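Student: I would like to go through the labels given to residues and ring pairs here. Can we take them one at a time?

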Amino acid sequence: GVAMLLDGNMCVGVAGDEVIVRVGPEAYDAMLFEPHVREFDFTGRPMKGWVVVEPEGIARDEALRTWVERAIAFVKTLPAK
């Protein structure tokens, strides 16, 4: 996969045809109710604060942009590394 960083913090990533989005722990539970979204469970342990958006959830440019903007908004709250 490919990951994008913002100020040294992982923000979004691409794994196959899915997008991994860092939404933060406070927004995490609500994001799981979004269509075409599931928890990010890469190692057998879900990573709270990260979600996977399936291809159907990012098929339109506007939808992809919304997810990237959500990630950026959260990552901007983190200290730079």
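**Rings, burial and backbone**

Tutor: Phe 40, Phe 42 and Trp 50 are linked into a cluster by ring pairs. Keep in mind that this is a predicted model. The count of aromatic pairs is 2.

Student: What makes the pair of Phe 40 and Phe 42 stacked?

Tutor: Their centres are 6.2 Å apart, and their planes are 25 degrees apart. The cut-off for pairing is within 6.5 Å, and planes under 30 degrees apart count as stacked. So this pair is stacked.

Student: Why is Phe 40 called buried?

Tutor: The relative accessible area of Phe 40 is 12%. Buried means under 20%, so the label holds.

Student: And why is Phe 42 called exposed?

Tutor: Phe 42 has a relative accessible area of 67%. Exposed means over 50%, so Phe 42 is exposed.

Student: Why is the pair of Phe 40 and Trp 50 called tilted?

Tutor: The ring centres of Phe 40 and Trp 50 lie 6.2 Å apart, with the planes at 50 degrees. Stacked needs under 30 and edge-to-face over 60, so tilted is what remains. Phe 40 lies in the loop between β4 (37-39) and β5 (50-53), and Trp 50 lies in strand β5, 10 residues apart.

Student: How do you know that a charge sits over the ring of Trp 67?

Tutor: The charged end of Arg 70 is 4.4 Å from the ring centre. The distance cut-off is within 6 Å.

Student: Why is His 36 called partly exposed?

Tutor: Its relative accessible area is 36%. That falls between 20% and 50%, so His 36 is partly exposed. His 36 also has a positive phi of about 65 degrees, although it is not a glycine.

Conventions. Residues numbered from 1 in each chain as written. Predicted model: local features only at pLDDT ≥ 70, side-chain atom pairs only at ≥ 80, totals over all residues. Heavy atoms only, no water. Phe/Tyr/Trp six-rings, centres within 6.5 Å; stacked < 30°, edge-to-face > 60°. Buried < 20%, exposed > 50% of the residue type's maximum accessible area, 1.4 Å probe, protein only. Helix = DSSP H or I, 4+ residues; strand = E, 2+ residues; numbered from the N terminus. Lys NZ or Arg CZ within 6 Å of the ring centre and 35° of its normal.
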